[in-house]
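The sequence and structure come first, and the description follows.

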Amino acid sequence: MRYPIPDYDHKTIENRWAGLWEAEGLYRALKDPVRPKKYVLVMFPYPSGPAHMGHVANYTIGDVVARYYSRSGFTVLHPMGYDAFGLPAENAAISGDIQPAVWTKQNIELIRRDLKRLGYAYDWSRELSTCDPEYYRWTQWFFLKMFERGLAYKADAAANWCPSCGTVLANEQVLSDGSCERCGTYVVSKRLNQWFFRITDYAERLLSDIDLLEEWPERVLTMQRNWIGKSQGAEVDFTLVSTGEKIRIYTTRPDTLFGVTFFLLAPEHPLVDRLVSGTEREAEVSAFRERITGRTEFERTAIDAEKDGLFLGHHVINPVNGEEVPVYTANFVIMEYGTGAVMAVPAHDQRDFEFARRYGLPVRVVIQPPDGDLAADEMSGAYEDEGTMVNSGEFTGTASVEGKEAVCDHLGRNGWGSRAVNYRLRDWLVSRQRYWGTPIPIIYCDSCGTVPVPEDDLPVVLPEDLELGEGGKSPLTTDESFLLAPCPRCGEMGKRESDTMDTFVDSSWYYFRYVSPRDTQGPFDPDEAKYWMPVDQYIGGIEHAIMHLLYSRFFTKVIYDMGLIGFKEPFSRLLCQGMITKDGAKMSKSKGNVVTPDEYLDRLGADSLRIYILFMGPPEIDKDWSDQGVEGAHRFLGRVWRMVHERYLPLVSGAVGVTPEEGPHRAMRSLTHRTIRDVTQDVEQFAFNTAISFIMELVNGIYNYTSEVAVVQAALEEAVETSLSLLAPFAPFICEELWHAIGKKESVHEQPWPSFDSELASPEEITLVVQVNGKVRDRLTVPAGISPEEMEKRALACQNARRFMGDKKVKKIIVVPGKLVNIVV
Ligand SMILES: [Zn+2]
Ligand SMILES: [Zn+2]
């Protein structure tokens, strides 16, 4: 009788199991007194529509890791939520006549539906959304804590302004070509009164604690270090000839102090006005400022930007040699870096060099390269490397590295200056002139000034039913029901802050909220945090390597300083995955090269999509989408399906019950155990593509085994169960279905991760040829170090040899160590 083989009907299977798992609460994160915990987190999505392929790649990686840990003896927290505030909702509102809140909620529905279809093992009871008042109440609470601790302040500053988005951008949100990260518009500079977080207070800790991040990719650590940009140098006071007042500069090259031939002030430096007011230069200087206004720091300091400046009619004295040098203002000197004043050393700084050549200023070599003989007149660019100090008074002949120290000592002894460090990192500008964000909990009162909203009055609720103004202008600036509020101190009518927070504030602490997402007493329960945190494995795109991670690290350190937690870094291990491209390019609607998960989920199923997206290549690299690839993944799953229904189920009941320790049975077992070992190793190292390859080989091995010989039940059972068990984190639906088809009662996702017998799995295996009377009768897989005695024993025991030996007497056994046994009968 032919065994009736059901079809691999992925739709029915995936629907059914998704429902059953959810009903059973299979993936609830539960504290466990015995098992250690793992907190596996993938950066939460911005809900802008259904899931896209990048989400599938990201979340499938996290899911395999979470499922692997939960089966390897850990209790696992694997949550999901939505980074739900932000500009796209407003843009949709402008173009589509839909309120941002409605648009966002619709999109959350869409992406949640897809995430559920994909079978991700989330604890859905912990789902959160940053636009939910119960969430942003605590974002506001953190703002108040920052304010209380002097870490939130308001100041006038030149800000990057995107005219198209109508809002300021953090430096981190301006691309290197000076365009807006969100919309590509050219960013201009605008002076505005803005809220900042004083992240610079944490610069040194953010830098030195990088040492704690041993399991982060090196390239991310480098990006963090560079962004913080610590430099060591000296502060030096120059003296203004006209008034005798000191002007302080910061330099990283005190060894070049003798090469100063002019002096520069940022156009915004307060001294500039004083120096020229009432002189004939005043008009010229304000015209120059006019030219600079609106240019961002990026434009002004770009390597190839034109060096532009004006002589201010004054001179300063260089303390080390008493020389008087002229004072200019220059476009490339920035008020926010160092002190806004610069000692210009054209021979050894490229920007100064270009400025000197343009304005005919002298160039003096004070560092000679090891093998060179620089002459100022012949230089075509600055020499910025180390060398030997020349033309430097008592320091002439000193190596520049030692010279730095010696000059610093010299400055200190004479009271001219001292050692100093500087950071490139600036304070975090958190104000946004936008509607769809967390309101800043501040009330301005005519009598009391800037008053924080009392904690008990939180949340300051964002009205969800307002219409955006002209050009997307925030309605919070005009809506009186929001804007007018009594002053918490004196009760007089005050005015609320109408700016909302940068959405990076929302995402800087969400991983804390997951540990107690419905907490009404605080942003998180410290006891729960103590148990679950820090995040053991964080996963996300390399595009977040700077801002999101730096801000999260900053928040964690502030929370640590508040005494709420005992750890200093939020994410112990980090994986940054690459992009999924199409035809070599980033998928985008404008290029028309978007492939959406939806169509594949319908046609081929979640398991096929999951397998393919991991099989494409190592997680860290960019990978190009291929339709053939995903079809191939689907064919593989069909093969797994038939392996159970065509091979295993018909055979297993009629299998031979002899010992499986020989011949093809042993080879089968060996392959099974090798596969456990290799897949385990690969999953630990996130080499998911090769892990899947190993499982494919095992499936092939099972096909071969069941084709060629009469199978041994134990060997076949072990192989088939193992293949399903190992494949389950990658393709959870089909494996659950087949697991039950082979007669198991419990979920495959609750089975312990298989362990292997290292002797069976040993990579040093050889094929032992077994001959009877010189004719090859069998091939055995044996450990490479096998002894001649053991070879003989195994050859004599193997089934095929026994068959040909019959009951004949063994005359002689010839053993060629490591190769062959010939049994002569
Ligand atoms: Zn923009
Ligand atoms: Zn007041």
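Around the zinc ion (ligand 2) of this predicted model, the four donor atoms subtend angles of 104 to 112°, and the arrangement is therefore tetrahedral, as every angle falls between 85 and 135 degrees. The protein donors are the SG atoms of Cys445, Cys448, Cys487 and Cys490, which lie 2.2 to 2.3 Å from the zinc ion, and along the chain they follow the spacing C-x2-C-x38-C-x2-C. Distant parts of the chain are linked by cysteine 448, in the loop between β19 (442-445) and β20 (449-452), and cysteine 487, in the loop between β21 (484-486) and β22 (493-496), the two being 39 residues apart. Cysteine 448 counts as partly exposed because its relative accessibility is 27%, whereas cysteine 487, at 4% relative accessibility, counts as buried.

The table gives the volume and the lining classes for two of them.

| Cavity | Volume | Lining by class |
|---|---|---|
| Largest cavity | about 70 Å³ | three nonpolar, four polar and five charged residues |
| Second largest cavity | about 50 Å³ | six nonpolar, one polar and one charged residues |

The lining of the largest cavity includes Gly86, Leu87, Glu90, Arg182, Arg432, Arg434 and Trp436, and the elements that give two or more residues to this lining are α3 (87-96) and β23 (500-501). The second largest cavity is lined by Ala57, Ile61, Ile613, Leu614, Gly617, Pro619, Lys623 and Phe688, with α2 (53-71) and α19 (606-615) as the elements that contribute two or more residues.

Terms used. Residues are numbered from 1 along each chain as its sequence is written. Chains are lettered from A and ligands numbered from 1 in the order in which they are written. This is a predicted model: local features need pLDDT of at least 70, side-chain atom pairs count only at pLDDT 80 or more; totals for chains, interfaces and linings use all residues. Side-chain values use heavy atoms; hydrogens and water are left out. On a 1 Å grid over the protein atoms alone, a cavity is a set of points where a 1.4 Å probe fits but cannot get out, and a pocket is an open set with protein on both sides within 12 Å along at least five of seven lines; lining residues have an atom within 4 Å of a point. Grid points are joined across faces, edges and corners, and a volume is the space filled by probe spheres set on the points. Helices (H or I, at least four residues) and strands (E, at least two) are DSSP runs, numbered from the N terminus. Ala, Val, Leu, Ile, Met, Phe, Trp, Tyr, Cys and Pro count as nonpolar, Asp, Glu, Lys and Arg as charged, and the others, Gly among them, as polar. Donors are N, O and S atoms within 2.8 Å of the metal (3.2 Å for Na, K and Ca); water is not among the atoms, so sites may look incomplete. Four donors count as tetrahedral if all angles lie between 85 and 135 degrees; four count as square planar and six as octahedral if opposite donors are over 155 degrees apart and all others between 65 and 115; anything else is irregular. Buried means under 20% relative accessible area, exposed over 50%, partly exposed in between (1.4 Å probe, protein chains only).
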